[in-house]
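User: I would like to learn how to read a structure like this one, feature by feature. Could you take me through the general idea each time, and then the case at hand?

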Amino acid sequence: MAKTKNLPLDGSAVQGKTAICIGANAGLGFAKCEWLVENKIGRLIMGCRSLDKAEKAKAEIENKKTGDTEIKIMKIDLASLDSIKGFGDEWSAQDPSLRKCDLLFCNAGLIVPNADMTTSQDGFEMTYQCNALGHLALIEHLLPALAEADDPRIIITASNGSKLTTIPDPPSDNPRTPLRDVWKYKNYALNAFALYSDSKKLVTILCREIQNSLDNHPNERYRKIFLANYHPGFVKTSISNKEEFKALKVFTVPVNMLVNAMAISAPEGAKTGLFLATCPLEDKPRGSFWNEKTLPQSVGKQAEDAKLRRAYWDRCVKDGRINPDTFPQPPL
Ligand SMILES: NC(=O)c1ccc[n+]([C@@H]2O[C@H](COP(=O)([O-])OP(=O)(O)OC[C@H]3O[C@@H](n4cnc5c(N)ncnc54)[C@H](OP(=O)(O)O)[C@@H]3O)[C@@H](O)[C@H]2O)c1
């Protein structure tokens, strides 16, 4: 397999298709949108929580158009299951000719160093909900749209951080999160990176469980949906440095120094996700984690433990208000 730098991306594979990108207004999501538009995707939906930022990003992306791509913004806040359902309802209410979705990029994600911001609108730990649970809930709402496509793919931005962490086994019975909860000092979340890494390991687990369910689904049209989750590399984006976090300089200064010295650009980091969205699938493993060099990999023993995966799956189905019949799972 090629290294990211030399990855062959086939722009013709997206021509005329419809893609939804969540977290499209910045960083890796923005870079993916730019590439899709430059390569003449038919319709691009930018799923964003802040409409102001989304409008600015859309205006920039419009400038990159080489074809007649229709670009539309749709509001979504992963911190709210109602907002996610609203996105799904709005999608289904469109004219039937517009309801097909070929590519879903579950790209949005966050690290929350501000302890005052670590509870979602549904009362869950924020990183758990936005990085993992929210994407699962969105996928449930969009399955019928994906099933209408010939070669539907769900590409989720995960992280190598998942390899550095050990999640609770069994899942915690804390009602806020089955993972570890925040350790606060004043309004600082001291373990923000640990929460992030946990949530990303859960992403990899959920991706595998969704794929296992869809591959054997009673609805034959769901069996063609391909899922992958991937690490983009260490990428220079706004993820660790948002004004609203009011993070301490002792946190932001060294992180920014490290990022400026070591990180790759967002267009470079977006390549693995774009490759997985466009490459011929042939014998590619389904539901796998891929590293930044586009190699399928394990993120460690815990993600290979079917019993633990199922325990997390059951908890997320409950927390995400998922209909268990949507994703039947074979007995262990
Ligand atoms: N940068 C890296 O080195 C790196 C490494 C591994 C994995 N990743 C993953 O890559 C993905 C993209 O991150 P990035 O680095 O490009 O960071 P970014 O520039 O901060 O972009 C993250 C995007 O997610 C959106 N988002 C955050 N919370 C949301 C919510 N509650 N509802 C809807 N959208 C929300 C953000 O919107 P706002 O602008 O409104 O906040 C933004 O558009 C994330 O999943 C991240 O975990 C990044």
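**Reading a strand, its sheet and its cores**

Analyst: In strand 5, the residues R153, I155 and T157 point one way while I154 and I156 point the other way, and all of them are buried. Please keep in mind throughout that this is a predicted model. The general idea behind the pattern is that in a regular strand the side chains alternate between the two faces of the sheet.

User: How many residues of strand 5 are buried, and what follows from that?

Analyst: The count is 5 of the 5 residues, so strand 5 is largely enclosed by the rest of the structure.

User: Which strand runs alongside strand 4, and how many bridges join the two?

Analyst: Strand 4 (residues 103–106) runs parallel to strand 5 (residues 153–157), and 4 bridges join them. Within this pairing L103 stands opposite R153, and L104 stands opposite I154. Helix 8 (residues 271–278) packs on the sheet, where it touches strand 4, strand 5, strand 8 (226–230) and strand 9 (288–290), and its direction makes about 165° with that of strand 5.

User: In what order do the strands of the sheet follow one another?

Analyst: The sheet is open and is formed by 8 strands in the order 3-2-1-4-5-8-9-10, with mixed pairing. Strand 3 (70–75) and strand 10 (296–297) stand at the edges with a single partner strand each, so one side of each has no neighbour in the sheet. Helix 2 (residues 51–62) lies across strand 2 (43–48) and strand 3, and runs at about 170° to strand 3.

User: Which residues touch the most other members of the largest nonpolar core?

Analyst: The general idea is that in soluble globular proteins, nonpolar side chains tend to be buried together. Here the largest nonpolar core has 57 residues, and those touching the most other members are I20, I22, F87, L104, I139, I154 and F327. Among the elements that each supply at least two residues of this core are strand 1 (18–22), helix 3 (81–92), strand 4, strand 5 and helix 10 (306–319). Helix 4 gives the most, with 14 residues. Apart from this core lies another, of 37 residues, among them I41, A57, I73 and Y230.

User: With which residues is F327 in contact, leaving aside its neighbours within four places in sequence?

Analyst: With those neighbours set aside, the contacts of F327 are L136, I139, E140, L143, I210, S213, L214, W313 and I322.

User: How should I read the aromatic side chains, and how many aromatic pairs are there?

Analyst: One looks at the distance between ring centres and the angle between ring planes, and this structure holds 3 aromatic pairs. F124 and Y128 form one that is edge-to-face, at 5.9 Å centre to centre with 90° between the planes. F124 counts as buried at 9% relative accessibility, and Y128 is buried as well, with a relative accessible area of 0%. In the pair of F193 and Y196 the ring centres are 5.9 Å apart and the planes are at 35°; planes under 30 degrees apart would count as stacked and those over 60 as edge-to-face, so this pair is tilted.

User: Where do F193 and Y196 lie?

Analyst: Both lie in helix 5 (residues 192–215), 3 residues apart, which is about one turn of the helix. F193 counts as partly exposed at 46% relative accessibility, whereas Y196 counts as buried at 11%.

Notes: Residues are numbered from 1 along each chain as its sequence is written. This is a predicted model: local features need pLDDT of at least 70, side-chain atom pairs count only at pLDDT 80 or more; totals for chains, interfaces and linings use all residues. Side-chain values use heavy atoms; hydrogens and water are left out. Rings of Phe, Tyr and Trp (its six-membered ring) pair if their centres lie within 6.5 Å; planes under 30 degrees apart count as stacked, over 60 as edge-to-face and the rest as tilted. Buried means under 20% relative accessible area, exposed over 50%, partly exposed in between (1.4 Å probe, protein chains only). Two strands pair if DSSP finds at least two bridges between them. Contact means heavy atoms within 4.5 Å. Axes are lines fitted to C-alpha atoms, for helices over the stretch in contact, and angles run from 0 to 180 degrees between N-to-C directions. A nonpolar core is a set of buried Ala, Val, Leu, Ile, Met, Phe, Trp, Tyr and Cys residues joined through side-chain atoms within 4.5 Å.
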